[in-house]
Amino acid sequence: MESNEQVEAREALEAVALERAETGRRYVVPSGYDEWLGLAVALLVFGIALSNTVDGWRGTLAIVGGALVAAAIMGAQVARFKRLNGMWVSGLIAGKTRAVTAVAFLAEAVGIVAAVVAARADLLWLALAISLATGVVFAWVSRAWSRRYVAELGA
Amino acid sequence: MSSPAEPDRLIHPPARLRLMTIVCSVDEIEFVTLRERLDVSDSVLSKHLTVLADAGYVQTRKGSHEGRRTTWVTAPRKGRRALQRHVAALREMIALVPDEV
């Protein structure tokens, strides 16, 4: 038979599980959120690739401009997310979702390298295609991240 | 045999355990959202937050939400580890087999 302390401990653990599951139930992704993040990443990647094809201020403009527009889009999406949820969860939060975050960063790194190589070979159309593909992958991974986060809270 | 881990007295009260669970499930949460989740008054939540902040388990920052000034609450590493230890201690308590009489 359980002692009073054990009954209390069991109830406390049940409360923890319920609260985590409730956080998962309340988690709402704004419409188009993942797609906008994907677009931001695509612009960032293409800006970096483009900066490798032009010299001087135009190269700086490409990389800084791409980064600023990407940051503005991401900032707007974070604000939308916070407004809707009253909370914020970044991809860096501890847990099993970190593996998904690592995939997102890896995809972005590979996309940047591939787009830069294409741009340096004067294949700007390919650099653009790679940038867009990187954005699509990022959006897909972002969606997968949300699913995994909610599943982890309910586990 | 090692003695079981002690539950954290600061987190042990049900409302604070729920509070810490919510805050540790996210990066940061807005004061009013947290208050609604816990179904407590502003003053009660503020008192809990003050106790937990004094222990370094939560941090607060002033910000805005939906155009109004508000407070955002986050759990630093110390708070997240404290909750993990507390939950581990609770699990350990349940797993303990009572001494046979």
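Colleague: In chain A, what percentage of the contacts with a separation of 6 or more do residues 24 or more positions apart account for?

Modeller: This is a predicted model, where local features need pLDDT of at least 70, side-chain atom pairs count only at pLDDT 80 or more, and totals for chains, interfaces and linings use all residues. Residues are numbered from 1 along each chain as its sequence is written, and chains are lettered from A and ligands numbered from 1 in the order in which they are written. Two residues are in contact if their C-beta atoms, placed from the backbone, lie within 7 Å. Of the contacts in chain A with a separation of 6 or more, the percentage from residues 24 or more positions apart is 74%.

Colleague: In what order do the elements of chain A run from the N terminus?

Modeller: Helices (H or I, at least four residues) and strands (E, at least two) are DSSP runs, numbered from the N terminus. Chain A has five helices and one strand. Their order is α-α-α-β-α-α.

Colleague: Why is chain A more spread out than a compact globule, and what is its radius of gyration?

Modeller: The C-alpha trace of chain A spans about 75 × 25 × 25 Å along its principal axes. The radius of gyration is taken over C-alpha atoms, and the globule rule is 2.2 Å times the number of residues to the power 0.38. For 155 residues that rule gives 15 Å, and chain A counts as more spread out because its value is well over this, at 21 Å.

Colleague: Is Ser51(A) buried or exposed?

Modeller: Ser51(A) lies in helix H2 (residues 33-51) of chain A, and touches Gly59(A), Ala62(A) and Ile63(A), not counting residues up to four places away in sequence. A residue is buried if 20 or more other C-beta atoms lie within 10 Å of its own, exposed if 12 or fewer, and partly exposed in between, with C-beta atoms placed from the backbone. Because 21 other C-beta atoms lie within 10 Å, Ser51(A) is buried.

Colleague: Which element gives the largest share of the side of chain A that touches chain B?

Modeller: The contact takes 22 residues from chain A and 22 residues from chain B. Helix H1 (4-26), helix H3 (56-85) and strand E1 (87-88) of chain A each give two or more residues to that side of chain A. The largest share, eleven residues, comes from H1(A).

Colleague: In what order do the four strands form the open sheet?

Modeller: Two strands pair if DSSP finds at least two bridges between them. Two bridges join E1(A) to strand E1 (residues 28-30) of chain B, two join E1(B) to strand E3 (residues 68-74) of chain B, and seven join strand E2 (residues 59-65) of chain B to E3(B). The pairing is antiparallel, and the order is E1(A)-E1(B)-E3(B)-E2(B).

Colleague: Which residue of E1(B) is the bridge partner of Met87(A)?

Modeller: E1(A) and E1(B) run antiparallel. On the E3(B) side, Val73(B) stands opposite the residue in question, and Trp72(B) stands opposite Glu30(B). The partner of Met87(A) is Ile29(B).

Colleague: At about what angle to E1(B) does helix H2 (residues 31-38) of chain B run?

Modeller: Axes are lines fitted to C-alpha atoms, for helices over the stretch in contact, and angles run from 0 to 180 degrees between N-to-C directions. This helix lies across E1 of chain A together with E1 and E3 of chain B. The angle to E1(B) is about 80 degrees.
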